[in-house]
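These notes go with the coordinates shown below. Please read them alongside the model.

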Amino acid sequence: MPELPEVETTRRGIEPHIIRQKINTVHIRNHRLRWPVPVHLPNTVQSQTVNQVLRRGKYLILTLQTGSIIIHLGMSGSLRITTAQQPADKHDHIDFCFENKKILRLHDPRKFGCVLWTAHPVEQHRLLSHLGPEPLSDALTADYLYRLSRKRKITIKAFIMNSHNVVGIGNIYANEALFKAGINPKRQADNMSLQAYQRLIEAIQQILSAAIKQGGTTLRDFTAEDGRPGYFAQQLKVYGKTGVACPNCGHPVKKITQQQRSTFYCTICQQ
Ligand SMILES: [Zn+2]
């Protein structure tokens, strides 16, 4: 599943090809994504120029003159830059065709992604209005998480995975950040000190930044004709490592289930 680093890497990969470019046409081969792709989209965006390519959480936003296109890659979506010479396959649902002859093509085998339009300020859209701060921004502070977590009777892992509190921390990155910060994923969010939140934020930021940096290397060519930009293999310390020696202490990594999601942690290093 594309997580925040993959979405940010995608943003950086497509931006140089479409920024300040005019949309000629939009071909929608399949409207039936997670939510229906608006029928009016091709008419609405035709002849408009892409002013900005933004990311908010795991949403990509193309800002045009009269509104914004909101894209989510769902479970299996990817975007690539291609040309009309490259035939679309059955999972290539939408082509945005630009005046510079480049095509931004959405591929999504499982169709859990979405492509929507809003004519209103994008931060007010129902999918975006409730989102917490960006994890790599100055808005995410230990003080903010500490105050928000008082009297919250949930685990720290559930707390940081809730996009109302902070966006873009999926299961893999929650596991890895809690390990790096030495925090037990079963700890109660309101039982964490300000210092523990500071440690956790530093771990989250280091792990996400490293993944984005690595993605920038792996996915440098968004125009490759030999298939899809493959999402990069993260350098994982505990995620999926049940029974493998903890890289810090050698104790076997334990797997449990929390909120129907797999949690991997070291019972010695994470207190
Ligand atoms: Zn350990």
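How many bridges join β1 to strand β6? Five, and the two strands run antiparallel.

1. Basis. This is a predicted model, in which local features need pLDDT of at least 70 and side-chain atom pairs count only at pLDDT 80 or more, while totals for chains, interfaces and linings use all residues. Residues are numbered from 1 along each chain as its sequence is written.

2. Confidence. pLDDT is the predictor's confidence in each residue, from 0 to 100. The chain average is 92, and 93% of the residues score at least 70. Over residues 225–231 pLDDT stays under 50, and for that stretch the model has ten contacts beyond four places in sequence. Two residues are in contact if their C-beta atoms, placed from the backbone, lie within 7 Å.

3. Domains. The assignment gives domain 1 (4–124) and domain 2 (142–265); such bounds come from an automatic or database domain assignment. The centres of the two domains, taken over C-alpha atoms, are separated by 28 Å.

4. Sheet with β1. Helices (H or I, at least four residues) and strands (E, at least two) are DSSP runs, numbered from the N terminus; two strands pair if DSSP finds at least two bridges between them. An open sheet of four strands has the order β1-β6-β7-β5, with antiparallel pairing. Its edge strands, β1 (23–28) and β5 (78–82), each pair on one side only. On average, neighbouring strands of this sheet are turned by 15° against each other, direction ignored. Axes are lines fitted to C-alpha atoms, for helices over the stretch in contact, and angles run from 0 to 180 degrees between N-to-C directions.

5. Sheet with β8. Another open sheet of four strands has the order β2-β3-β4-β8, also with antiparallel pairing. Here β2 (52–56) and β8 (114–118) stand at the edges with a single partner strand each, so one side of each has no neighbour in the sheet. Neighbouring strands are turned by 20° against each other on average, direction ignored. Strand β4 (residues 68–72) runs antiparallel to β8 and is joined to β8 by five bridges; Ile70 stands opposite Leu116 in β8. Helix α1 (residues 4–18) lies across β2 and β3 (59–63), running at about 175° to β2.

6. Asn51. This residue sits in the loop between α2 (41–45) and β2. Why does Asn51 count as partly exposed? Because Asn51 has 13 C-beta neighbours inside 10 Å; a residue is buried if 20 or more other C-beta atoms lie within 10 Å of its own, exposed if 12 or fewer, and partly exposed in between, with C-beta atoms placed from the backbone. Not counting residues up to four places away in sequence, Asn51 touches Thr63 and Leu64.

7. A nonpolar core is a set of buried Ala, Val, Leu, Ile, Met, Phe, Trp, Tyr and Cys residues joined through C-beta atoms within 7 Å. The largest has 60 residues, and those with the most contacts inside it are Val115, Ala177 and Leu178. This core draws at least three residues from each of domain 1 (4–124) and domain 2 (142–265). Ten of the eleven residues of α5 are buried, so α5 is largely enclosed by the rest of the structure. Among the buried residues of α5 are Asn175, Glu176 and Lys180, as well as Ala177 and Leu178. Ala177 touches Leu200, Ala203, Ile204 and Ile207, leaving aside residues up to four places away in sequence. Just after α5, Gly182 takes a positive phi of about 70°.

8. Asn165. The loop between α4 (156–161) and α5 (171–181) holds Asn165. Asn165 is buried, with 21 other C-beta atoms within 10 Å. Its contacts, not counting residues up to four places away in sequence, are Gly132, Leu148, Phe159 and Ile160.

9. Strands β9 (residues 254–258) and β10 (residues 261–265) pair in the antiparallel sense over five bridges, and Lys254 stands opposite Tyr265 in β10. Two residues lie between the strands of this hairpin, and Gln259 in the turn has a positive phi of about 50°.
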